[in-house]
Amino acid sequence: YKGSSNVSSTLQAAKSVVNDLLTAIATDTEQVPQPTFSLKQPYPNPSTGRATVSYELGQPGPVRLSVLDLLGREVAILEEGFRASGHGQVEWQADDTRPAGLYLLVLEAEGQRRTRSILLNR
């Protein structure tokens, strides 16, 4: 094989392909997708008094995550204040005096509002 011109040209072609691939990888300008504003479905749902609530923020800023009863009365504030962009997670521990029923989780941030429902089952 040492004296064969075929091996040399094949090796040169392989080097060229590898070089092209490495250049494409190094110069790839595709951006990592940014998180978008969303409120995930709480779990477990229905809950017996304790539930995990997750959300995503597309940009940093003030956040308010609250729990409302069906009459619109605020029964708990789970998160309030300035938060970084990305994933957030809190737990709602309903006190023992909270009656069973349907409640609303309301996330306000980025000038928007997202709502999810949760069923408290005693």
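Guide: Let us begin with P46, which is found in the loop between strand 1 and strand 2; strands (E, at least two residues) and helices (H or I, at least four residues) are DSSP runs, numbered from the N terminus. This is a predicted model, in which local features need pLDDT of at least 70, side-chain atom pairs count only at pLDDT 80 or more, and totals for chains, interfaces and linings use all residues. Residues are numbered from 1 along each chain as its sequence is written, and side-chain values use heavy atoms, with hydrogens and water left out.

Visitor: Which kind of peptide bond joins N45 and P46?

Guide: As a general idea, most peptide bonds are trans, and most residues other than glycine have a negative phi. Here, however, the bond between N45 and P46 is cis, with omega at about 10 degrees. Y43 and P44 are also joined by a cis peptide bond, for which omega is about -10 degrees, and P44 lies in the loop between strand 1 and strand 2. As for phi, E110 is a residue other than glycine with a positive value, near 55 degrees, and its place is the loop between strand 6 and strand 7.

Visitor: How many helices and strands are there in the chain?

Guide: The chain has one helix and seven strands, and, read from the N terminus, these elements follow one another as α-β-β-β-β-β-β-β.

Visitor: In what order do the strands of the open sheet lie?

Guide: The general idea is that strands of a sheet pair through backbone hydrogen bonds, either parallel or antiparallel. In this structure, an open sheet of three strands has the order 1-2-5, and the pairing is antiparallel; two strands count as paired if DSSP finds at least two bridges between them. Strand 1 (38–39) and strand 5 are the edge strands, since each pairs on one side only. Strand 2 is joined to strand 5 by eight bridges, while strand 1 and strand 2 pair over two bridges.

Visitor: Which residue of strand 2 is the bridge partner of S38?

Guide: The partner of S38 in strand 2 is E56, and E56 in turn has H87 as its bridge partner in strand 5. A polar contact of 3.0 Å also joins the side chains of E56 and H87; the term stands for a pair of N or O atoms within 3.5 Å, where, within protein, one must be able to donate a hydrogen and the other to accept it, and residues adjacent in sequence count only if both atoms are side-chain atoms. S38 has a polar contact too, from its side chain to that of K40, at 3.2 Å.

Visitor: Is S38 buried or exposed?

Guide: S38 is buried, with a relative accessible area of 16%, where buried means under 20%, exposed over 50%, and partly exposed in between (1.4 Å probe, protein chains only). E56 is buried at 17%, whereas E110 is partly exposed at 25%. Seven of the eight residues of strand 2 are buried, so this strand is largely enclosed by the rest of the structure.

Visitor: Which residues have the most contacts inside the largest nonpolar core?

Guide: A nonpolar core is a set of buried Ala, Val, Leu, Ile, Met, Phe, Trp, Tyr and Cys residues joined through side-chain atoms within 4.5 Å. The largest one here has 20 residues, and those with the most contacts inside it are L65, L78 and W92. Strand 2 (50–57), strand 3 (61–68), strand 4 (74–83), strand 5 (86–93), strand 6 (101–109) and strand 7 (112–120) each give two or more residues to this core. Leaving aside neighbours within four places in sequence, W92 is in contact (heavy atoms within 4.5 Å) with residues including V67, L78, Y103 and I118.

Visitor: How many aromatic pairs does a search of the whole structure find?

Guide: A pair of aromatic rings is described by the distance of the centres and the angle of the planes. Rings of Phe, Tyr and Trp (its six-membered ring) pair if their centres lie within 6.5 Å, and planes under 30 degrees apart count as stacked, over 60 as edge-to-face and the rest as tilted. The search of the whole structure finds one such pair. The rings of W92 and Y103 have centres 5.6 Å apart and planes at 65 degrees, so the pair is edge-to-face. Because W92 lies in strand 5 and Y103 in strand 6, the pair ties together parts that are 11 residues apart in sequence. Both W92 and Y103 are buried.
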